[in-house]
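Open the model in a viewer and keep the selection tool at hand. The stops below say what to select next and what is there.

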Amino acid sequence: MSRFLRFPTMFYIEPTNDCNLNCVMCARNKSKKEVGYMSFDLFRDVVDQLSGRNIVQLSLHLTGEPLLHPRIAEMVSYAKSVGLQNVRFATNATLLSEDMASNLIESGLDSITISMDTSSGKLYCPARKYEELLTNLDQNILRLIELRNQRGLKSPKVRVQIINMKSTEGLIRDFVKKWESVADIVKVKSLLSWSNHIQVSKSGSSRRLICVNHLTQGVVQWDGDVSFCCLYIDSQGDSAGILGNVVDMSLEDIFLGDKRRELIESQLRGNYDKVPYCKGCPDWKDYLDWVWPDNASDL
């Protein structure tokens, strides 16, 4: 068991769970978590606890829109200043103004995932009240790349992605063609269930395996609550997926403590009833290739 109970190597820190959109494929509105913004003092404390550890990636997003946080560029800059690598976040880019783009480039951000463009955004958020926000999406993305290139820099790497779902099937080919010569990476991403909160059909293995998220991920929500999965949604309001709070405990005590040990043991033994928010979740299949890259599709 000791070889599985290790400090996570991939972390998510949530600047805010607030968002300026309401996308059809997002489970954010299922959560009963209070909306809030992480204080910079709390952020600094969390990052200081990660500094010097083997953290291969730090993502500054979770269920909200990170560009809503007034100090997001400072957060990136601080994380880089203490030596953390692969600092990134995902954004809908509606707030990616020229000033914001410049600040993020100067902050040392390693990569940025743009979750939509104007065409896909209209399918994700069809309500008329979002039309104005979505109008300048393409321009925002192109200007970010232009500003980066003007500085002679290679970062942040710009990844543009589209979610593969019924409403976007007819758009995917044109989306890839549109961005493949512009962005650094173009990704067609599987639709996630967010721990069974969105109805999704997943192909692949019918034999349940332990989810790699349990072994590799650490998640710190805006108020300091800590979980071990970036897809955990507290839809019951019972904080069942919370391991502790970093305001009261160190990250080391939380992730190497008895509660996480018991949850990992339950998964290893196939006792998913003891991890109810994972029991019906099919999203573990999307992470199989992290563990078995050569034969994941055969499992």
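Select Thr118 and show its surroundings: leaving aside residues up to four places away in sequence, Thr118 touches Leu134, Thr135, Leu137 and Asp138. The model is a predicted one. Thr118 belongs to helix 4, which covers residues 118–124. Is Thr118 buried or exposed? Its relative accessibility is 12%, and the cut-off for buried is under 20%, so Thr118 counts as buried.

Now select residues 57–59, which form strand 2, and residues 87–91, which form strand 3. The two strands run parallel and are joined by 2 bridges. Strand 3 is mostly covered, with 4 of its 5 residues buried.

**Loops on either side of strand 3**

Stay with strand 3 and select Gly83, in the loop between helix 2 (72–81) and that strand. Gly83 has a relative accessibility of 59% and counts as exposed. Then draw a distance from Gly83 to Val47: their C-alpha atoms are separated by 9.9 Å, while the two residues are 36 residues apart along the chain.

Move on to Ala93, in the loop between strand 3 and helix 3 (98–107). Ala93 is not a glycine, yet its phi is positive, at about 70 degrees. With a relative accessible area of 0%, Ala93 is buried.

Select Ser195, in the loop between strand 6 and helix 8. What is the phi of Ser195? The angle is near 55 degrees, a positive value in a residue other than glycine. Ser195 counts as buried, at 11% relative accessibility.

Then select Ser155 and Pro156, which are joined by a cis peptide bond with omega of about 5 degrees. Pro156 is placed in the loop between helix 6 (137–150) and strand 5 (157–164).

**The cavity**

How many cavities of 30 Å³ or more does the structure hold? The structure holds 1. The space in the largest cavity is about 160 Å³. Of the 18 residues that line it, select the closest to its centre: His214, Cys229, Tyr277, Cys278 and Cys281. Helix 8 (212–216) and helix 11 (276–279) each supply at least two residues of this lining. By class, the lining of the largest cavity has 10 nonpolar, 6 polar and 2 charged residues.

**The cysteines**

How many disulfides does the structure hold? The number is 0. A disulfide would need two cysteine sulfur atoms within 2.5 Å. For Cys211, the closest cysteine sulfur is in Cys229, at 5.7 Å, which is too far for a bond. For Cys229, the closest cysteine sulfur is in Cys230, at 5.1 Å, again too far for a bond. Cys211 is buried, with a relative accessible area of 8%, and Cys229 is buried at 14%.

**The second largest pocket**

Now look for the second largest pocket, which holds about 210 Å³ of space. Its lining is made of 16 residues, and the closest to its centre are Asn17, Ser31, Lys33, Thr63 and Gln221. Colour the lining of this pocket by class: 5 residues are nonpolar, 6 polar and 5 charged.

**Last stop**

Finish at Asp248, in the loop between strand 9 and helix 9 (251–255). Is Asp248 buried or exposed? Asp248 has a relative accessibility of 66%, and counts as exposed. Draw a distance to Gly224, which is 24 residues away from Asp248 along the chain. The C-alpha atoms of Asp248 and Gly224 are separated by 8.9 Å.

Conventions:
Residues numbered from 1 in each chain as written. Predicted model: local features only at pLDDT ≥ 70, side-chain atom pairs only at ≥ 80, totals over all residues. Heavy atoms only, no water. 1 Å grid on protein atoms, 1.4 Å probe; cavity = no way out; pocket = protein on both sides within 12 Å on 5 of 7 lines; lining within 4 Å. Points joined across faces, edges and corners; volume = space filled by probe spheres on them. Nonpolar A, V, L, I, M, F, W, Y, C, P; charged D, E, K, R; others polar. Buried < 20%, exposed > 50% of the residue type's maximum accessible area, 1.4 Å probe, protein only. Pairing = 2+ DSSP bridges. Contact = heavy atoms within 4.5 Å.
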